[in-house]
Amino acid sequence: VAMALSSGQHVAACVPYSKRKLEWIVAKIERWEEATNCYIVKDLFPDKRKKVHSWEVSPENAIRFPCRKSDVFSPGNRVLSLWKEAGEWSSMFYEATVVDSYQPPNSEGIIKICYEGDSEVYEVPRTKAIKFESKSTRAAQSRGGKAAKVRKSPSDPSKEPPKKVKKSSRDSLETEILLQETDDVYDNSEYYLRYGGGYSVLEKKMRNYRALLIERYHDAHQSTLL
C-alpha cells in the first residue's frame, strides 16, 4: 500500500503518553508496519525519565505536521495547535477552534484561535497548527486517500492548554501539593513546561497565581528568620 506519510515525516501523533489518556504530541514517522496497518512513530522531544519513546499508531492518529501551504483555515474549523508560553512552544497539541485568519507581509500566515475551555483569542502562526478533521477523513488522508476502518480510542486526548509551573530553586511542601493535584505526579516541574496537564487557560493562570503567593509567603517567612 502506498502510504501518504513517509519515514522521517514529522506528524502530530495521538499516543498513550500518560497512563490515563492519549495525547497529541510532535513526533516523526519511523516506518509503516504492513502486518498491523499501523505507523511506528517516535517522540521528537522525549522525556528521558520515560522508558517508552516510540508507539504504534493507526492511520487516523497520525497527521502531517506542519500543515501544507495549500491548507485553508476558515472560521469554525477545528484544529490542533501547539501552545506558547515564556517564548517557548510546547511539544504537545491542544484542540482549538479557528476564529479568523490573515496574511501579514513576509509571513506564512496567522490564525486566530480559541483553545478548548477558554474564550480568549490567541494568534498562532499557521505553521504551529493543523486541521483536525474527523477520524475517517484523517485515516483516508494518512493512507494516501484510501478509506480505512477507524479504530476507537480508549480515551480522548487533552483538549486544553497546558498547566505550566515555573522552576524554583527551593522545594516546598506547598509546591509539592500543587504538583500532586495533576493527573500524573512528577517531581521535576520541567515536565510541565514541555508537556503540561489537562487544565484550561483560566485554571492555569489561577494555579500559577497560587504558586506565586506561596513563593511570596516563603520569602516573607525567610526574612523573619534572619
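**Terms.** I took two strands to pair if DSSP finds at least two bridges between them. Strands (E, at least two residues) are DSSP runs, and I numbered them from the N terminus.

**Basis.** I worked on a predicted model, in which local features need pLDDT of at least 70, side-chain atom pairs count only at pLDDT 80 or more, and totals for chains, interfaces and linings use all residues. Residues are numbered from 1 along each chain as its sequence is written, and side-chain values use heavy atoms, with hydrogens and water left out.

I found an open sheet of five strands with antiparallel pairing, in the order 4-3-2-1-5. Strand 4 (54-57) and strand 5 (62-64) are its edge strands, as each pairs on one side only. Neighbouring strands are turned by 45° against each other on average, direction ignored; the axes are lines fitted to C-alpha atoms, and angles run from 0 to 180 degrees between N-to-C directions.

**Strand 1.** I then looked up the partners of strand 1. Strand 1 (residues 10-15) and strand 2 (residues 23-33) are antiparallel and joined over six bridges. Ala12 has Val26 as its bridge partner in strand 2, and Cys14 has Trp24. With strand 5, strand 1 pairs in the antiparallel sense over three bridges; there I noted Ala13 opposite Ala62.

Why is strand 1 largely enclosed by the rest of the structure? I recorded that five of its six residues are buried, so strand 1 is largely enclosed. Buried means under 20% relative accessible area (1.4 Å probe, protein chains only).

Definitions and conventions: Helices (H or I, at least four residues) and strands (E, at least two) are DSSP runs, numbered from the N terminus. Buried means under 20% relative accessible area, exposed over 50%, partly exposed in between (1.4 Å probe, protein chains only).
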